[in-house]
Amino acid sequence: MAEELGKHKIANQLRQYEQIATTNETFQRCPKCKTKLRPRSKLAFLRDQVTKGIETNDLVLELFNNHPLAVERLDDKSLHRVNCCLSFRKELTESMALVSELKRLRQADTDNNDDEKQQPSWKDWHIVDLCSGAQCVTAALCLSILSGVSVTALDIVSSNELPHFEDLDWMTMSKVKNGEDEDVNTSDTTPTDDASMLSSFSYMQRDIHDTDLAPQLRSHISKGNTTSYSGKKVIVLAMHCCGALSQRALSLFKELDAAAILVMPCCLPPKNLGYSKKLKTFEPQQASTSWNPTHIKRDDEQVKKIKEIFSTNDQDEQYRRWARYLRQCAISDGNTVGNTAALCKNVSSTLKEVDAVLSSRNTLITAIRKGSEFGRCN
């Protein structure tokens, strides 16, 4: 700023002070984003708790006991935005709930279709992590545990705020702009002789409500050849999407013709969904920012369902009703679920509470498309 104002002498003095301050710092900084690094990551602290037998959470123990290589990968300084993120233990249980369920479904599919039980391969599988956040904890877990998988994270935050995935030698990275991948330089060294087992990460800085999002995702997943696109090995993840974002995630599951979707909804949408009784229309300004009324059709039946959700003042019960409603949306042919005839016969769905998730919003909705790779065992 001093340089821009023409105060060259002051600017030079400030540079000198900056060099002196940097030299005297007793801590390390990330060489890329200059963030102050902790002496030990929160992941390393949690590992000590597991080793000492203090940690008892099932999902935390599953990561540390079953996936030591993944823990080693996640503790890389390049992932300080992951392993030192705020409320790391809580976010770890939330993301591990999705990864654990994915592993269970994939293992069941492998066991049912192979004479000899073996570890399932994630090569050629593509995970779309909606509303991933700047930390990308779920994406990082998938990349480190499900070797060979491709993950596309999607959010509105700038790519400059993401973990430094491009510095990891066990994966490749690209950014998606205007429908095309832009490769990011990564390390030439790899931990395995089989290059096909490298995980692949890409990032799309997009609004989940964009009308052209599904076609762009299809193009990206099929590497630009939309005629060869198949959703049989595509999985949609939506962890704690607020309000209507969960319902938008379900609509993308259908638009992508994906094999499966795992949704753990968070808070509910506005009580009135932006509905004006006087005008008998839905007004965007009356709805929350996470609710875009142009994408989700509403009718009297849906309004009735939402009213039923809010007919109790018990917030826990409201959440349970909202989760059941979303499950109905997942298996319906459209956005309305007025009668059983509207249910889609090609999608099966389950709903369960995951007690190990350190949040009261712990209901996991899983929908699987029959005929997909996951659907073979359903």
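Which residues does Thr 312 touch, not counting residues up to four places away in sequence? Hold that for a moment. A word on the model before we look.

This is a predicted model. The protein has 378 residues, and buried residues make up 49% of them. Its secondary structure comes to eleven helices and eleven strands. Take the contacts with a separation of 6 or more: residues 24 or more positions apart account for 68% of those.

Back to Thr 312. It touches Glu 317, Gln 318 and Arg 321, with residues up to four places away in sequence left out. Where is it? In the loop between α10, residues 300-309, and α11. Buried or exposed? Thr 312 has a relative accessible area of 18%; buried means under 20%, so Thr 312 is buried.

Now α11 itself, residues 315-330. This helix lies across β7, β10 and β11. Against β10 it runs at about 165°. There is another helix to show with it. Helix α9, residues 245-255, lies across β1, β6, β7, β10 and β11. Its angle to β7 is about 175°.

That brings us to the sheet. Nine strands form it, and it is open. Read the order with me: β4-β3-β5-β2-β1-β6-β7-β11-β10. The pairing is mixed. Which strands are at the edges? β4, residues 180-184, and β10, residues 347-353; each pairs on one side only. From one strand to the next, the twist averages 20°.

Let's go to β1, residues 126-130. How many of its five residues are buried? Five of five, so to speak: the strand is mostly covered. Look at the two faces. On one side sit His 126, Val 128 and Leu 130. On the other sit Ile 127 and Asp 129. Every one of these is buried, and both faces are covered.

Who pairs with β1? Take β2 to begin with, residues 150-155. β1 and β2 are parallel, with five bridges. Ile 127 stands opposite Val 151 there. Then β6, residues 234-239. Five bridges again join it to β1, and the two run parallel. Here Ile 127 stands opposite Ile 235.

Step across β2 to β5, residues 199-205. These two strands pair in the parallel sense over six bridges.

Next, a pair of helices. α2 covers residues 42-51, and α3 covers residues 58-66. Their axes come within 11 Å and cross at roughly 90°. That makes α2 roughly perpendicular to α3. From α2, the contact uses Leu 43, Leu 46, Arg 47 and Val 50. From α3, it uses Val 60, Leu 61, Phe 64 and Asn 65. By class, that is six nonpolar residues, one polar and one charged.

Setting aside neighbours within four places in sequence, Ser 41 is in contact with Asp 75, Asn 83 and Cys 84.

The loop between α1 and α2 also holds Lys 34. Lys 34 is exposed, with a relative accessible area of 52%. Its phi is near 65°, a positive value in a residue other than glycine.

Ser 87 has a positive phi too, about 55°, although it is not a glycine. Ser 87 lies in the loop between α5, residues 80-83, and α6, residues 88-113. At a relative accessible area of 40%, Ser 87 is partly exposed.

Last stop, α8, residues 213-221. Mostly covered: seven of its nine residues are buried. Which ones? Leu 213, Ala 214, Gln 216, Leu 217, Ser 219, His 220 and Ile 221. After the helix comes Lys 223, whose phi is positive, near 55°.

Conventions
Residues are numbered from 1 along each chain as its sequence is written. This is a predicted model: local features need pLDDT of at least 70, side-chain atom pairs count only at pLDDT 80 or more; totals for chains, interfaces and linings use all residues. Side-chain values use heavy atoms; hydrogens and water are left out. Axes are lines fitted to C-alpha atoms, for helices over the stretch in contact, and angles run from 0 to 180 degrees between N-to-C directions. Helices (H or I, at least four residues) and strands (E, at least two) are DSSP runs, numbered from the N terminus. Angles under 35 degrees count as roughly parallel, over 145 as roughly antiparallel, 65 to 115 as roughly perpendicular and the rest as oblique. Contact means heavy atoms within 4.5 Å. Ala, Val, Leu, Ile, Met, Phe, Trp, Tyr, Cys and Pro count as nonpolar, Asp, Glu, Lys and Arg as charged, and the others, Gly among them, as polar. Buried means under 20% relative accessible area, exposed over 50%, partly exposed in between (1.4 Å probe, protein chains only). Two strands pair if DSSP finds at least two bridges between them.
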